[in-house]
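I opened a new structure today and kept notes as I went. The entries below follow the order in which I looked things up.

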Amino acid sequence: MDEELRSLTERLRQESGASAGYDRLVATEDLDELASVLTAPGQPLWARELAAFRLGLAGDRRAFESLVLLLNHRDPERCVSAAHALARLGDPRTARAAAALATNELRVAYALHPVRLLVELRAPEAVPALITTLQRRLRPHDPYRRVALACVDGLGTLGDARARQVLNEALAHPALAEAAVRALARIPRQR
């Protein structure tokens, strides 16, 4: 069993009170039944999350909108699960949605998992979105150091020369300097 699926099912079993509805959603192989949970009124969040996650792992694009909403949720565990499923979904809209979430200043407190997803996807949108997000985090007294650090690490992983300038700027920030040095070392030198 996928480790993220195991973690999600354990968490949602508790959240659901180990209900019969939970057991049915975990056991079903009927993708239409799972998709109906996403559109039916009155469904609890745990049921929508479980259905969207399972559809995402199955590559069923009906899960896309629900997973994007969960990627931007205030609960980090939901964000982690949504990012995992979105990375496996294979929907071409995923990178654009993750970039929009990562760069949304009104929701920057929830940008960590969209940033990490962009790095995992290695999509064309990743480097520009991470550069934009990191530039905003380099302001004095910015409280979102974890987001900034994820951007620095991600830009190093992606190894794109366009990131060199913002990573050099990050060197001036003690909380980011060591990671910025490592990230810059991963970017190939221009000849």
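This is a predicted model: local features need pLDDT of at least 70, side-chain atom pairs count only at pLDDT 80 or more; totals for chains, interfaces and linings use all residues.

**Entry 1: a salt bridge**

I count a salt bridge when a side-chain nitrogen of Lys or Arg lies within 4 Å of a carboxyl oxygen of Asp or Glu. I then looked up where the two partners sit: arginine 78 is in helix 6 and glutamate 15 is in helix 1, 63 residues apart, so the pair links distant parts of the chain.

Is each partner buried or exposed? I used the cut-off of under 20% relative accessible area for buried, and over 50% for exposed. Arginine 78 has 6% relative accessibility, so I noted it as buried. Glutamate 15 has a relative accessible area of 37%, so I noted it as partly exposed.

**Entry 2: other salt bridges**

Next I looked up glutamate 29 and arginine 54, whose side chains meet in a salt bridge at 3.7 Å, N to O. Glutamate 29 is in the loop between helix 2 and helix 3, and arginine 54 is in helix 4, so this pair ties together parts that are 25 residues apart in sequence. Glutamate 29 counts as exposed because its relative accessibility is 66%. Arginine 54 counts as buried because its relative accessibility is 16%.

I also checked aspartate 142, which forms a salt bridge with arginine 137; their closest N and O atoms are 3.0 Å apart. Aspartate 142 has a relative accessible area of 10%, so I put it down as buried. Arginine 137 is at 1% relative accessibility, so I put it down as buried.

I noted 27 positive and 24 negative side chains in the protein chain, with the centres of the two sets 7 Å apart. The chain has 12 helices and 0 strands. Its C-alpha trace spans about 60 × 35 × 30 Å along the principal axes.

I wrote down the chain's accessible surface as about 9700 Å², with 52% of it belonging to carbon and sulfur atoms. Of the 191 residues in the chain, 49% are buried. I also looked at contacts between residues at least 6 apart in sequence: 63% of them join residues at least 24 apart.

**Entry 3: helix 4**

Helix 4 covers residues 45–57, which is 13 residues. From its first C-alpha to its last it reaches 18 Å, close to the 18 Å expected at 1.5 Å a residue.

Why do I call helix 4 largely enclosed by the rest of the structure? I call it that because 10 of its 13 residues are buried. Among them are Trp46, Leu50, Phe53 and Leu55.

**Entry 4: threonine 9**

I picked threonine 9 in helix 1. It is buried because its relative accessible area is 8%. Leaving aside neighbours within four places in sequence, threonine 9 is in contact with Tyr22, Val26 and Leu50.

The buried ones are Phe64, Ser66, Leu67, Val68, Leu70 and Leu71. Their cover includes helix 3, helix 4, helix 6, helix 7 and helix 8.

I then moved to cysteine 79, which is in helix 6. Its relative accessible area is 3%, so cysteine 79 is buried. Which residues is cysteine 79 in contact with, leaving aside its neighbours within four places in sequence? I found Leu70, Leu71, Asn72, His73 and His113. Leu70 and Leu71 are buried residues of helix 5.

Last, I looked up cysteine 79 and threonine 103, which are 24 residues apart along the chain; their C-alpha atoms are separated by 16 Å.

Notes: Residues are numbered from 1 along each chain as its sequence is written. Side-chain values use heavy atoms; hydrogens and water are left out. Helices (H or I, at least four residues) and strands (E, at least two) are DSSP runs, numbered from the N terminus. The expected span of a helix is 1.5 Å times one less than its number of residues. Buried means under 20% relative accessible area, exposed over 50%, partly exposed in between (1.4 Å probe, protein chains only). Contact means heavy atoms within 4.5 Å. Accessible areas come from the Shrake-Rupley method with a 1.4 Å probe; for residues, only the protein chains shown count as cover. Lys and Arg count as positive and Asp and Glu as negative; His and the chain ends are not counted. The place of a charge is taken as NZ of Lys, CZ of Arg, CG of Asp or CD of Glu.
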